[in-house]
Amino acid sequence: MNSVRMNAEEARVAQNDRLGERWDLWGPYLSERAWGTVREDYSATGDAWDYFPHGHARSRAYRWSEDGIGGISDFKQRLCFAFGFWNGRDPILKERLFGVTGPQGNHGEDVKELYWYIDNTPSHSFMRMIYRYPHAAFPYEELIKQSAARSKSESEFELWDTAALENGFFDIEIEYAKNSVDDILIRATATNCGSKAASLHILPTLWFRNTWSWGRDPRRPNLRMGRGGSAKVQIIEASHDLLGDYRLYCEDADELLFTENETNGERLWGVSNSTPFVKDSINDYVVLGNKDAVNPACVGTKATAIHKIDIPPRENRLIRLRLKKIAKGEKSFQAFENFDDLFTKRAHEADEFYAELAPKCLSTEHCAIERQALAGMLWTKQFYHYIMDQWLEGDPAFHPPPQERKHGRNSQWRHLYNERVMSMPDKWEFPWYASWDLAFHCIPLALVDPKFAKSQLDLIVREWYQHPNGHIPAYEWNFSDVNPPVIAWAAWRVYQIERKRSGKGDRAFLETVFHKMLIAFTWWVNRKDSEGNNIFQGGFLGLDNIGVFDRNDTFPDGSRLEQSDGTSWMGMFCLNMLRIALELARENPVYENIATKFFEHFLSIAAAMNNLGGKGIGLWDDEDEFYYDVLHMPGGRYFRVRVRSLIGLMPLLAIETIEPALLDTLPGFKDRLEWYLINEPHLCSLISRWQEPGMGERRLVALTRGHRMKCLLRRMLDPAEFLSDYGVRSMSKFHKDHPYVLTVRGEQKVVSYERAESQTNIFGGNSNWRGPVWMPINYLLIESLQKFHHYYGDDFQVECPTGSGQFTTLNGVANELSNRLIRIWLRDADGQRPFARTSGNALDEKRDRDRYWFHEYFHGDTGAGLGASHQTGWTGLVSKLIQQQGEHGTIAKPDPFTDL
């Protein structure tokens, strides 16, 4: 991107800054699950899964957002498009992905479908995904029943564990190519992957999100049979007051069907409907043969084009559509002229874009992994709509919600006004943003679309998101939960990535986020440092079940947990703010004073970690040479919770190096530091080597001094403890044979090494921080090692792995960890890809050879994918690791014989 010439995709992304040239007007902004979400829950008890279950989704209009398979919408999700399918055997149309709910799954909610995000560009000029649909009836009830019957210690029951795929299936490739910002070409290619001919109904569906039924906006958009159609090309016309007029051109459709996106109250609750044409009328027409279900006048707010196709074995059939805004005065249009040529052109431009991004030394396999990781991140953008005040008060057209809601979930967030496209962790399992996930998403996103990455970080700290008290919203299940404070870190990294790639950093963006982070920092100090002693609690901090007990719990006797990770996060937060302040001080000396304040606060945190409450007790344990949480009990008693987990490695994250040239340009800051060195030597001695210039006269500020860092790395790089073949485990393997036991309120709590799925119900039991490998913390550890090496240089070496007798630099350790993480997706000597080891026979060696899943976390011993199967979100960081290793020439080369 440093070159003068921009390729076609880069030019489109650049045009997003221009008024009227918004290539991101349309994108994959449709959710994959809107049912079972908090925003659709209007119950008194807050049971979102039960209030709006999957069984209601086909019949009940959504209040806040829409869902579909391989779908798109405009950026406000007013007009939506997605695909439905029917194999002639299912009891309902396949209009949305199915999965078990949190209570139904043995490890929480879990999608029970097979699909892959294959390709996507930042402007969404070209998009591809594949959905696998069985010939046999989809086993809805079997999946629910078998999931409920399995224990926490058993693996999850998946679609491939049933017989549904044994007699064949359709692989349906869904593709989009934009001719312009509001002219979208659409293809669906269905391949019969079976030994017998099979029939398939493909139902490309266009509909409006229901905005008119709630008593707030009476304007009703409409769909109708379009004029100027023919036997070859039928047309659905759409009109919306704000969006304008669109046409969906449908080639070779058997018929067009129209109904309303209105709730079928008769089916759900036995009450009469205001219209005979309702949301599930198309389902009843196709599946039940009810010809009176759809509107014979061919008007409505939901419409579909039915394509009934028979496909011989191992052959495919293609359908083509085009969604285009109607130009003023436009009368005729050849929708499918040069159609395939444009697809070829956009596919070639996507190839060009990713080829220029990828370092030349990368293998074909590395390039494919990086590209699909980024594609998954671009596919999981979603229009997220949730206006808290309206949700709490209810809508004028309906009875007010139960009074319990006004004091229940999220009631303290009335100012929150969510109405933007945001990056989701996973559009089925987690179809809502999580602020700390979002921070990690922005790092790889900045490689391909820094403007979007910046907009996400800017958005989460806007006044209609960030609480007036400074709290950053966590996620919709509980916006008041506490996520690690990583927004400032992400803003700094995105700033650096853009500066490296374009030659110029966006100082206005950096300064904007910095000011909002000042408020967030104050919130942390006032709310999570209960005694003002610079030791922070924070609660679960995103690490779900990593503790002995739910770390959000309060103790009846007033005990509280002094958290190593909470305090380390705040140390890291201090240094992030210090570094940003120094950057801003280059042009505005006012920031030198603020930088000094964060340096002072960092010194106080370092002091507190070594002397809790002035009692001489620290979070560091000299005997074990490890950091632990400390339980602070009444009467001034302190008790170390000796669990060896990532919590004890977190102090490594609080590190920053400062270049001497930068210090020389900031004399005010430099003078104040000298004052501290002279007048507060007892504080300065607590942090690592500020007084000792390192490689190139750099200065180091870090919570862990050289000896403690080496002690932590000795454990972290020990295969018998944290180091696996696929990264750093979240829990030491030591606890496999030596479980930690603590009696709390007469109940025995046990923490052991759980290498795969969670064995507890803490935080829903749908993720596990007691053994598996997690990408985001591994990424931060790698970055910290790189910073340490930046200071110490090549002369500082450690044993890696511990006990191997092999020594390498800290940068060498960072490279080793990076390549171990990348190895999760690479074929080994047996041709196996570790991420697929829990997927049974779901992936065919030939058919699915170049298809990847990016899971939420990974088995601590085998690297097998676990948790959400499409959480490209923070697992998409692998693309940044591949990019970095490729640029440095340190990418591990795959075995040349694995492709034979």
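Which strand order does the open sheet of 3 strands have? The order is β20-β23-β24, and the pairing is antiparallel, where two strands pair if DSSP finds at least two bridges between them, and where helices (H or I, at least four residues) and strands (E, at least two) are DSSP runs numbered from the N terminus. This is a predicted model, in which local features need pLDDT of at least 70 and side-chain atom pairs count only at pLDDT 80 or more, while totals for chains, interfaces and linings use all residues. Residues are numbered from 1 along each chain as its sequence is written, and side-chain values use heavy atoms, with hydrogens and water left out.

The antiparallel pairing of β20 with strand β23 (residues 629-633) extends over 3 bridges, and L561 stands opposite L631 in β23.

Another open sheet has 9 strands, in the order β6-β7-β8-β9-β17-β13-β12-β11-β15, again with antiparallel pairing. Its edge strands are β6 (114-120) and β15 (299-300), each of which pairs on one side only. Within this order, strand β7 (residues 126-134) is joined to strand β8 (residues 169-180) by 9 bridges in the antiparallel sense, and R132 has D171 in β8 as its bridge partner. Helix α8 (residues 364-379) lies across β6, β7 and β8, and runs at about 100° to β6.

Strand β3 (residues 79-86) can be followed through its burial and its pairings. Of its 8 residues, 8 are buried, buried meaning under 20% relative accessible area, with exposed over 50% and partly exposed in between (1.4 Å probe, protein chains only). Both of its faces are covered, with L79, F81, F83 and F85 buried on one side and C80, A82, G84 and W86 buried on the other. Strand β2 (residues 69-74) pairs with β3 in the antiparallel sense over 3 bridges, and the bridge partner of I72 in β3 is F81. These two strands, β2 and β3, form a hairpin with 4 residues between them, and Q77 in the turn has a positive phi of about 50°. Strand β10 (residues 198-208) also runs antiparallel to β3, to which 8 bridges join it, and in β10 the bridge partner of C80 is W207.

Two packed helices are described by the angle between their axes and the distance between the axes. Helix α13 (residues 507-527) and helix α14 (residues 564-585) pack at about 145° with their axes 10 Å apart, and α13 passes α14 in a left-handed crossing, a crossing being left-handed if the near helix is turned anticlockwise from the far one by less than a right angle, and right-handed if clockwise. The residues that meet include F514, L518, F521 and W524 in α13 and F573, M577, I580 and L584 in α14, with contact meaning heavy atoms within 4.5 Å. By class, the residues of this contact divide into 15 nonpolar, no polar and 3 charged, where Ala, Val, Leu, Ile, Met, Phe, Trp, Tyr, Cys and Pro count as nonpolar, Asp, Glu, Lys and Arg as charged, and the others, Gly among them, as polar.

Helix α19 (residues 706-716) packs against helix α21 (residues 775-792) at an angle of about 140°, with the axes 13 Å apart. The crossing of α19 past α21 is left-handed, and the contact is made by G706, M709, L713 and M716 of α19 together with L781, L785, F788 and Y792 of α21. This contact has 7 nonpolar, 1 polar and no charged residues.

Two single residues complete the tour. G727, found in strand β28 (residues 727-728), is buried with a relative accessible area of 0%. Leaving aside neighbours within four places in sequence, G727 is in contact with F722, V773, N778, R820 and L821, while G727 and R823 are 96 residues apart in sequence and 9.2 Å apart in space, C-alpha to C-alpha. S411 lies in the loop between α9 (388-393) and β19 (417-423), and S411 is buried with a relative accessible area of 10%.

Technical notes
Axes are lines fitted to C-alpha atoms, for helices over the stretch in contact, and angles run from 0 to 180 degrees between N-to-C directions.
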